[in-house]
2 protein chains.
Amino acid sequence: MSVSVEERRAERHAAVRDQVVAAAWRLAAEKGLTGFGLRDVAASVGMRAPSLYSYFPSKFAIYDAMFADGYRAFRERIATVRPSRSRRVSLVRAAETYLDFCQEDPARHQLLFLRVVPGFEPSPESYAEAVVVLDDMRVLLAGMGLHDRRHLDLWTALTAGLASQQAANDPEGKRWTALVEPAMDMYLSYVEGDLS
Amino acid sequence: MSVSVEERRAERHAAVRDQVVAAAWRLAAEKGLTGFGLRDVAASVGMRAPSLYSYFPSKFAIYDAMFADGYRAFRERIATVRPSRSRRVSLVRAAETYLDFCQEDPARHQLLFLRVVPGFEPSPESYAEAVVVLDDMRVLLAGMGLHDRRHLDLWTALTAGLASQQAANDPEGKRWTALVEPAMDMYLSYVEGDLS
DNA sequence: GTCTATAAATGGATAGAC
DNA sequence: GTCTATCCATTTATAGAC
């Protein structure tokens, strides 16, 4: 059960990385996704800016870690959705969870689901986290008998649209969130003929 | 038919303002919505940065003018949609026009329809341009017998979702654009019972 | 690994001459 | 109205001492 010095060092290193990412999320929520600098990040973990470079080679690398982290958090959140025998209930719960997740942190919504940071694109490894979540959704719909990618794309468009309209036009309210049930009803009656 | 000196001066002033806004759009398309500076803007209209302050009191004021200008352009574009007796055709054409408009300039899509510039909110006057367009859409749906705001919100969410998924996940392709017809079919069969 | 110091650039914005 | 000059803050990132 002994652990090598290198392993403990690596653990500490990873722990600090996580703190940096958490600090970046806090600042993004406060000042906007592109509104914070490395000094802010460093200060809020008790460091000076240059020390961050022991953990991340660039600011984009921090965005990249945030991206992966955000999708892992999203996947965990989606995993908490209580399953139901009713397709309708399952879809409504999934969509509501997604909408809540977006609304509770608009900066995260922008980083994960929109293309907002000029010049930033997630690395293949981080993008893989996004693919995993999308695959979860694919499996969920497949479990309902929907196997066509177009069915999945239509569902993501519908929920993404509710989220983006909510964020852009009524960030504090429920104008579009309140439409989740009708939206899922609409979706379900449309795909009804294709259910297996 | 004579025009006062002041009027001609005002006209020239307005013309330069328009050039500045046009230059800002070009740069936003090139370098990202938040990726350009006032020096760039000034240079691309043959000026130095301080001279811009004769036309706009701040960078946010330029974003504000872009916002109003973008919604005017959007309204003109929507006005070109050929009317049809078929509700389905009308909705498909409107949605396709919206999607094309978004895809042809992602920075414009972000400024008009997402909340991307940290700290920027449109002035009431500029926001009024957005309200006008939304009212056009309200009238269009009302002409089809759909008078409920929820019908309008559901339609905007659906089209906005197609646009944002397209922009974020397949900016060069047609993966979600290709779903306009099914999406409109879905929408129409759902609201069918409420048509007057 | 963290620091100071600094690079090298850029940001928005202002003062004041012309 | 436009310019030069400049302010002042800030940015990301690097060099090198400790």
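Colleague: What do the side chains of A:D153 and B:R175 form?

Modeller: A salt bridge, 2.8 Å from N to O. The term means a side-chain nitrogen of Lys or Arg within 4 Å of a carboxyl oxygen of Asp or Glu. The rule finds 2 salt bridges across the interface of chain B and chain A. This is a predicted model: local features need pLDDT of at least 70, side-chain atom pairs count only at pLDDT 80 or more, and totals for chains, interfaces and linings use all residues. Residues are numbered from 1 along each chain as its sequence is written, chains are lettered from A in the order in which they are written, and side-chain values use heavy atoms, without hydrogens and water.

Colleague: Which elements of chain B touch chain A?

Modeller: Those giving two or more residues are α5 (106–113), α7 (149–169) and α8 (180–191) of chain B. Helices here are DSSP runs (H or I, at least four residues), numbered from the N terminus. α7(B) gives the most, 14 residues.

Colleague: How much area do chain B and chain A bury between them?

Modeller: Interface size is often given as the accessible area lost when the parts come together. Here chain B and chain A bury about 3100 Å², 61% of it on carbon and sulfur atoms. That area uses a 1.4 Å probe and is summed over both parts.

Key. Buried area = accessible area lost by both parts, 1.4 Å probe.
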